Amino acid sequence: MITAVSLSFNSNLLVRDGRDSHSRKRFQELSVGSPSLGFLGKNNCFRLCGLCSSSLQNHPYGSPMEDKESVLILMRHGESMWNEKNLFTGCVDVPLTSKGVEEAIEAGKRISNLPLDIIYTSTLIRAQMTTMLALTQHHCMKVPTVMHHRTEQARTWSQIYSEETKKQTIPVVKAWQLNERMYGDLQGLNKQETAEQYGKEQVYNWRRSYRVRPPNGESLEMCLGRAVTFFKEQMFFSSCRSSLIF
């Protein structure tokens, strides 16, 4: 069984259980991430509940897991410099603001007692900054170590030869498939000004419609397709019991 836990900076925790199917529908309306969890089980239901540090630390998933149970933690990056400016960001690679740094550290505190075996993150710096900052707060005190496996030389040069040191690390895998949605011609434009130019309804369709693409960009369906494919091929059958995705 896979348990999904989703942590965002609006203080919501998503956990898998057998109740509140109406909340699952609402989450699907709010987040493109939810359909990616749908294939975990035909009858899965999800419950949204308030999150605070103490409630997460006391959550049953913070305690030792059952032998056949795995945990998947999903975390959004902190505020980026283009979030602050209200610009369409997409795949433009911009860093966190000071507020985003604080959010990442706070998020790390909220998952500090959850077991972690492996980390997956996008190739974008805002996600990687969030990853590293959050992991500074984890109780295991293991060192996040980025895996460089694109070439044999990179694999060899980044090899750790001490078994004891390996035990004190958490592997971090970067994948472009986890990158944010590519917003095409909207990238770098001000969201408010774009809505005034093209109309709020048109911009809403570009942003929230499942199949409508922004000009020269990705639809949510396309973005979801690459992310779910990566999940199925790289993570779903992994032997790791606890995974974190940024």
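I call a residue buried under 20% relative accessible area, exposed over 50% and partly exposed in between, using a 1.4 Å probe and protein chains only. By that cut-off Glu218, at 12% relative accessibility, counts as buried.

**Ground rules.** I am working on a predicted model, where local features need pLDDT of at least 70, side-chain atom pairs count only at pLDDT 80 or more, and totals for chains, interfaces and linings use all residues. Residues are numbered from 1 along each chain as its sequence is written, and side-chain values use heavy atoms, with hydrogens and water left out.

**Overview.** I looked up the secondary structure and found 11 helices and 8 strands. Helices (H or I, at least four residues) and strands (E, at least two) are DSSP runs, numbered from the N terminus. Of the 246 residues, 41% count as buried. I take contact to mean heavy atoms within 4.5 Å. Among contacts with a separation of 6 or more, 77% come from residues 24 or more positions apart.

**Glu218.** I placed Glu218 in the loop between H10 and H11. What does Glu218 contact, leaving aside neighbours within four places in sequence? I listed Glu180, Arg181, Met182, Arg213, Cys223 and Arg226. I also checked Gly184, 34 residues away along the chain from Glu218. The C-alpha atoms of that pair are separated by 7.1 Å.

**Asn216.** The loop between H10 and helix H11 (220-235) also holds Asn216. Its phi is near 60 degrees, a positive value in a residue other than glycine. Asn216 counts as exposed, at 54% relative accessibility.

**Met141.** I found a positive phi here too, near 60 degrees, and Met141 is not glycine. The residue sits in the loop between H6 and strand S6 (143-146). Buried or exposed, at 62% relative accessibility? Met141 counts as exposed.

**H5 against H6.** Two packed helices are described by the angle between their axes and the distance between the axes. My axes are lines fitted to C-alpha atoms, for helices over the stretch in contact, and angles run from 0 to 180 degrees between N-to-C directions. The axes of H5 (residues 98-110) and H6 (residues 125-135) come within 7 Å and cross at roughly 45 degrees. That makes H5 oblique to H6. Angles under 35 degrees count as roughly parallel, over 145 as roughly antiparallel, 65 to 115 as roughly perpendicular and the rest as oblique. On the H5 side I noted Val101, Ala104, Ile105 and Gly108, which meet Met129, Thr130, Leu133 and Ala134 of H6. I sorted this contact by class and got 6 nonpolar, 2 polar and no charged residues. Ala, Val, Leu, Ile, Met, Phe, Trp, Tyr, Cys and Pro count as nonpolar, Asp, Glu, Lys and Arg as charged, and the others, Gly among them, as polar.

**H9 against H10.** I read an angle of about 120 degrees between H9 (residues 191-198) and H10 (residues 200-208), with axes 6 Å apart. H9 and H10 are therefore oblique to each other. Lys191, Thr194, Ala195 and Tyr198 of H9 meet Lys200, Gln202, Val203, Trp206 and Arg207 of H10. The class count for H9 with H10 is 4 nonpolar, 2 polar and 3 charged residues.

**Strand S5.** In a regular strand the side chains alternate between the two faces of the sheet. I checked both faces of S5 (residues 118-121) and found them covered. Ile118 and Tyr120 are buried on one side, Ile119 and Thr121 on the other. S5 pairs with S7 (residues 169-174) in the parallel sense, over 3 bridges. Pairing requires that DSSP finds at least two bridges between two strands. I traced Tyr120 to its bridge partner in S7, Val173.
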